[in-house]
Amino acid sequence: MHITSLSASPSERSRSAWLTQFALTRLEGRASHHHDILIRALPAAELLAADVREPAIAAAVLAVEQADLVVVSTPIYKAAYSGLLKVFLDLLPPDALRGKLVLPLATGGSPAHVLALDYALKPVLSALGARHVLDSVFATDAQLRRHDAGGYVPEPDLIARLDRALAPLASFTPHTRPQPESALSC
Ligand SMILES: Cc1cc2nc3c(=O)[nH]c(=O)nc-3n(C[C@H](O)[C@H](O)[C@H](O)COP(=O)(O)O)c2cc1C
């Protein structure tokens, strides 16, 4: 399975980026190819200008196009996903997510915004052609405690929700890859 992850936090020590890496470890070597895209590391001026000819941006777009599974992770900012994520999603071609599995992940300070992925991000994923969206996983900061040695410690409930979201991937083979014309959801 070709996996591409998009991490959309501007922070260097990002909880949502850490959650992305943790999710990938739960897939236990199912990735044949893996691309991590840290959107904050892309060249800012070219990103804002949607310059898809810039080599790092072109490589990031290609990695999304080649993926079977796209992990989209974001911090919750002002009750929605981050502006960094929107800037990147806006430069993807139409239907960039059609025929792909998509896993939305978010971290937020408040459980009050647990639905932000549903009301803010999912319509955008749908506009990009995503029809196979796995269960979203939202973690509050309290569910991802800082570890003294770096990184974070996920609460057991969070690990259980993540594993449930990833469960449909256990039966993934190139033959079961979602077909673009299919309207079924996982
Ligand atoms: C500018 C800004 C706006 C934020 N707005 C919200 C918000 O509306 N709702 C919420 O639950 N958390 C909010 N937070 C908290 C972050 O979502 C939270 O700390 C998250 O885990 C940060 O993820 P990151 O470490 O990947 O950047 C905000 C944080 C910042 C810096």
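**Legends: the predicted chain and its ligand shell**

**View 1. Secondary structure of the chain.** The chain contains six helices and eight strands; helices (H or I, at least four residues) and strands (E, at least two) are DSSP runs, numbered from the N terminus. This is a predicted model, in which local features need pLDDT of at least 70 and side-chain atom pairs count only at pLDDT 80 or more, while totals for chains, interfaces and linings use all residues. Residues are numbered from 1 along each chain as its sequence is written. Along the sequence, the elements follow the pattern β-α-β-α-α-β-α-β-α-β-β-β-β-α.

**View 2. Residues around the ligand.** The ligand is surrounded by 17 residues, a residue being near a molecule if its C-beta atom, placed from the backbone, lies within 6 Å of it. The closest are Ser9, Ser16, Pro75, Thr107 and Gly108. Two or more shell residues come from each of α1 (15–26) and β4 (101–108).

View 3. With three residues, α1 gives the most to the shell around the ligand. The shell comprises five nonpolar, nine polar and three charged residues. Here Ala, Val, Leu, Ile, Met, Phe, Trp, Tyr, Cys and Pro count as nonpolar, Asp, Glu, Lys and Arg as charged, and the others, Gly among them, as polar.

**View 4. Burial and extent of the chain.** Of the 186 residues in the chain, 36% are buried, that is, they have 20 or more other C-beta atoms within 10 Å of their own, with C-beta atoms placed from the backbone. The C-alpha atoms fill a box of roughly 40 × 40 × 30 Å, taken along the principal axes.

Methods: Buried ≥ 20, exposed ≤ 12 C-beta atoms within 10 Å, placed from the backbone.
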